[in-house]
Amino acid sequence: MFLGSHTPRLDDKGRLTLPAKFRDELEGGLVITKGQERCLYVFPMAEFTRISESLRTAPVTAKALRDYSRVFFSSAADDAPDRQGRITIPAPLRTYAGLTRECVVNGANTRVEIWDAQRWQAYLEGQEESFAELSEEVLPGVI
């Protein structure tokens with residue numbers, strides 16, 4: 001499980017150092033792809049495989065599934081952290097997410113999300129009030 005928020009910097013070669021607490025789960029390989037709200041999703045290889053299997057068994061007659069799968073898989077890149085815990089984010093993915101030097105890396109349960117720091121701050125400011133009010137609708141009887 002990935003938890004917490006971290007603020008690494010993107011270097012001139014498009015590399016990002018993963019938080020130390022995330023590295024063990026990602027050292028066996030990972031997949032980076034486009035996520036919602038213009039962030040990037042980073043999945044451990046096993047989780048990406050599980051998602052792929054779920055999408056593979058869904059009906060291809062569903063247009064929304066075809067559209068989502070095309071973008072999700074065509075933008076995906078596999079990688080593994082180097083000895084310093086760095087991953088290389090391909091240029092098209094950096095462009096999609098608007099990544100600048102300052103980034104935010106968030107744990108999001110089974111995945112990691114990479115955000116441009118300013119974009120993350122704007123998103124968070126817009127969501128915190130509704131988050132405070134949503135627990136019963138999203139997690140009925142849990143919290």
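Buried means under 20% relative accessible area, exposed means over 50%, and partly exposed lies in between (1.4 Å probe, protein chains only). This is a predicted model, where local features need pLDDT of at least 70, side-chain atom pairs count only at pLDDT 80 or more, and totals for chains, interfaces and linings use all residues. Residues are numbered from 1 along each chain as its sequence is written, and side-chain values use heavy atoms, with hydrogens and water left out.

**View 1. Y68 and F72 pair within helix 3.** Both residues lie in helix 3, four residues apart, which is about one turn of the helix. Helices (H or I, at least four residues) and strands (E, at least two) are DSSP runs, numbered from the N terminus. F72 is buried, at 3% relative accessibility. Y68 is partly exposed, at 35%. The ring centres are 5.4 Å apart and the planes meet at 20 degrees, so this pair is stacked. Rings of Phe, Tyr and Trp (its six-membered ring) pair if their centres lie within 6.5 Å; planes under 30 degrees apart count as stacked, over 60 as edge-to-face and the rest as tilted.

**View 2. F48 and F73 link distant parts of the chain.** A search of the whole structure finds eleven aromatic pairs. In the pair of F48 and F73, the ring centres are 5.8 Å apart and the planes stand at 80 degrees, so the pair is edge-to-face. F48 sits in helix 2 (residues 45-57) and F73 in helix 3 (residues 63-74). The two are 25 residues apart. F48 is buried, with a relative accessible area of 10%. F73 is partly exposed, with 34%.

**View 3. Six residues form one aromatic cluster: Y41, F43, F48, Y68, F72 and F73.** Both pairs from the views above have their residues in this cluster.

**View 4. E37 and R38 have positive phi values.** Most residues other than glycine have a negative phi. Phi of E37 is near 55 degrees. Phi of R38 is near 60 degrees. E37 lies in the loop between strand 3 (30-34) and strand 4 (40-44), and R38 lies in the loop between strand 3 and strand 4 too. E37 is partly exposed, at 47% relative accessibility. R38 is partly exposed, with a relative accessible area of 44%.
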